[in-house]
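Hi everyone, thanks for making time. I'd like to walk you through some side-chain contacts, so please have the sequence and the 3D view open.

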Amino acid sequence: MAGSRSKASLRVWLLCPALLGCLLLGFLTGWFTKLTEKNPNSSDVHQNVRQKFVAEMKAENIKKFLRSFTKLPHLAGTEQNLLLAKKIQGQWKEFGLDSAELVNYDVLLSYPNEEQPNYISLIDEQGNEVFNTSLFEPPPQGYENITDILPPYNAFSAQGVPEADLVYVNYGRTEDFFKLEREMGINCTGKIVIARYGKIFRGNKVKNAILAGAQGIILYSDPADYCAPGVDPYPNGWNLPGGGVQRGNVLNVNGAGDPLTPGYPAKEYTFRYKVNEGVGMPKIPVHPIGYHDAEVLLRAMGGPAAPDSSWKGSLNVPYNIGPGFTGNSSARKVRMHVHTSNQITRIYNVIGILRGALEPDRYIILGGHRDSWVFGGIDPTTGAAVLQEIVRSFGKMKMEGWRPRRTIIFASWDAEEFGLLGSTEWAEENAKVLQERAVAYINADSSIEGNYTLRVDCTPLLYKLVYNLTKEILSPDEGYENKSLYESWLEKDPSSENNNFPRINKLGSGSDFEAYFQRLGIASGRARYTKNRKADKFSNYPVYHTVYETFELVEKFYDPTFKKQLTIAQLRGKLVYELADSQVIPFDSRDYGEALKGYSNRIYKLAKKHEEQLKLYKVSFEPSTSQLLLPLKGRPAASPNPLISAVVNFSKAASEFHRRLEQVDKKDSIAVRIMNDQLMLVERAFTDPLGLPGRRFYRHVIFAPSSHNKYAGESFPGIYDAMFDIESKADQREAWEEVKRQISIAAFTVQAAADTLKEVA
């Protein structure tokens, strides 16, 4: 009995490992089957999830978000903008993000004085005000009872009540002031100048006026720049009414963020400059007016006639330059009343996170601002509504069991309108982490600024991905049914360099990608629908930054079906999806090489206009063949800077890198990670920690906002700025030495970037 019991026990013990083995085998089989089904590396799963993700996005949802977010004004620093932040945060949590937090900063903001309104006066010889500009915009139909609409103003203007003769300075560009001073002999010192909006960033106009010695500057929107022919003013059309006024900040912080804490996050513990010592703040009063009021000021202008037709707008005035008035108004002057005050105010970003499954330490950021000057019908809320729908769709995929390979960070930025403050402060606070972990930043500002065709601005690393994705998306354009977005984009806006491809612009500034691209060197891009740049001569969209930017403006005129905004949601969403979920980061450094060739050739042609000086001061973009044949030790100490050679070397390194990338074993996760890190860090390699001369927070050596127009991107900005107007520099030798220095920096940087693509030892 005992023996049989022990034999039975033995059989049980012998069977246990076998049973356990079977159970373990079954478990592992099920587990790996599950992994195969959900694995982000699986090509089929990757494509299927992307298809479901894109199909989940609906135009009707974007419309609902836009309507919800634009009911009330939500200026940065106001209670309403905080309530909107909390609403967005709550929805992100409902959508299924792993977290959604409010992150606050205490930054310098600027508001008009409720007790002392801002306005412009015409005064007679006794100082009596015989004409005053409007104190507010007439509200649009249906919004008459809305409170908390601040009157038009230019944020961060200096306070003051200057009186002076008026001088008309066209767009207030550098070349406009050169024309006045150098060709027409008109001195703006001590004068009040009036400039029309358009062509360049308003802050550059103010800076130019200060450099010209003006006491104050008035900005206005001329119908030539803010009214399309044959279109009625809002609400019957989408043109700017005569009483409409463009708001906007007039800072020149050059990437510094909060003016009181440049370079550092504006937290409670941070050292601050005094309010009147802030970085980039104008020292003269600035105020915007509508074109009805501008017509009164310009009607009786004296002085010489406009130098040519490019100085004339569409008002019924002669566009004389001044200074001062003529005829019965000859004794009159202009008086500005500006009482805008600056105050430290708390702002709130919303930061949402969808954690990556396999590489949680690699980040894709999709961010756009929430704050607006009034209702923000187009800027920024067509972007905020699209962002919301993208987050909802990603959340739906996550709730169904999917996770991206890499972490996605969603951001609703605050205080963009006051100088990109929310996004810059967050970038400053997280700079060390982002430099180590951020793969890309996709901007989510306004999704439309027109309704003609697609507009893309991005790093060359993203060219191929953008082109490929637009070939997969159906065009929403009339007459292009069943054609791709790529096809309609190519036909409507081909590249001037190669008309076989659609045009892609260089990144400048003016939106929240600035700190990520220009300072931290994170590959960045933006996409939106735009106007016909060849046919439409008006600047931006006519009611930009006015009270007339409403939901109805979009619904009635710009995108009644909301299909254009859906198209942008699909493109932005797909960009993020591919960057976050592709096994190999979908960058192509070969396109960077081609772009660098174009940029170096352009700057070389610009320099060749000064052939005599290039020879005199021994400035070269390319070493001679004999010097290249010498060993390094034997080369002259003052060897010319080989920028063009560095560009060739980068192109070779990029080609070789992608050859190796095609052969890499995709099952070797370490090998793939090494090459992904090289792709991620190549943009970083183009940054210089010392920054550009006089603009230390712009550290990208290949791209920067133009020194003369913050909105526009400039290539090889250090060299370009050194050569700008060089013939008028007093010390020509010193000026050309600076050109040589900048060529040297650019050549070193391009070569260093090429080295980062070489095979890892």
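Let's start with Lys 710, which lies over the face of Phe 201, 5.0 Å from the ring centre. I call that a charge over a ring, meaning NZ of Lys or CZ of Arg is within 6 Å of the ring centre and within 35 degrees of the ring normal. Another case is Lys 492: its charged end sits over the ring of Tyr 452, at 4.5 Å from the centre.

Some ground rules. This is a predicted model, where local features need pLDDT of at least 70 and side-chain atom pairs count only at pLDDT 80 or more, while totals for chains, interfaces and linings use all residues. Residues are numbered from 1 along each chain as its sequence is written, and side-chain values use heavy atoms, with hydrogens and water left out.

Staying with rings, how many aromatic pairs are there? The count comes to 37, where rings of Phe, Tyr and Trp (its six-membered ring) pair if their centres lie within 6.5 Å, and planes under 30 degrees apart are stacked, over 60 edge-to-face, and the rest tilted. Take Tyr 592 and Phe 703: they form a tilted pair, 6.3 Å centre to centre with 45° between the planes. Tyr 592 is in helix H17 and Phe 703 in strand S18 (residues 703-706), so this pair ties together parts 111 residues apart in sequence. When I say helix or strand, I mean DSSP runs numbered from the N terminus: H or I of at least four residues for helices, E of at least two for strands. Both Tyr 592 and Phe 703 are buried, which is under 20% relative accessible area, with exposed over 50% and partly exposed in between (1.4 Å probe, protein chains only). There's also a cluster, in which ring pairs link Phe 53, Trp 92, Phe 394, Trp 402, Phe 410 and Tyr 577.

On to salt bridges, of which the structure holds 50. The rule is a side-chain nitrogen of Lys or Arg within 4 Å of a carboxyl oxygen of Asp or Glu. Lys 464 and Asp 588 meet in one, at 2.9 Å, N to O. That pair links distant parts of the chain, 124 residues apart: Lys 464 is in helix H12 (residues 463-472), and Asp 588 is in the loop between H16 and helix H17 (589-608).

Next, look at His 74, in the loop between H3 and helix H4 (79-95). His 74 is buried, at 1% relative accessibility. Its side chain reaches the backbone oxygen of Arg 370 at 3.3 Å, and a polar atom of the side chain lies 3.0 Å from the backbone oxygen of Leu 72.

As for cysteines, Cys 227 is buried at 18% relative accessible area, and Cys 458 is buried at 3%.

Methods:
A polar contact is a pair of N or O atoms within 3.5 Å; within protein, one must be able to donate a hydrogen and the other to accept it, and residues adjacent in sequence count only if both atoms are side-chain atoms.
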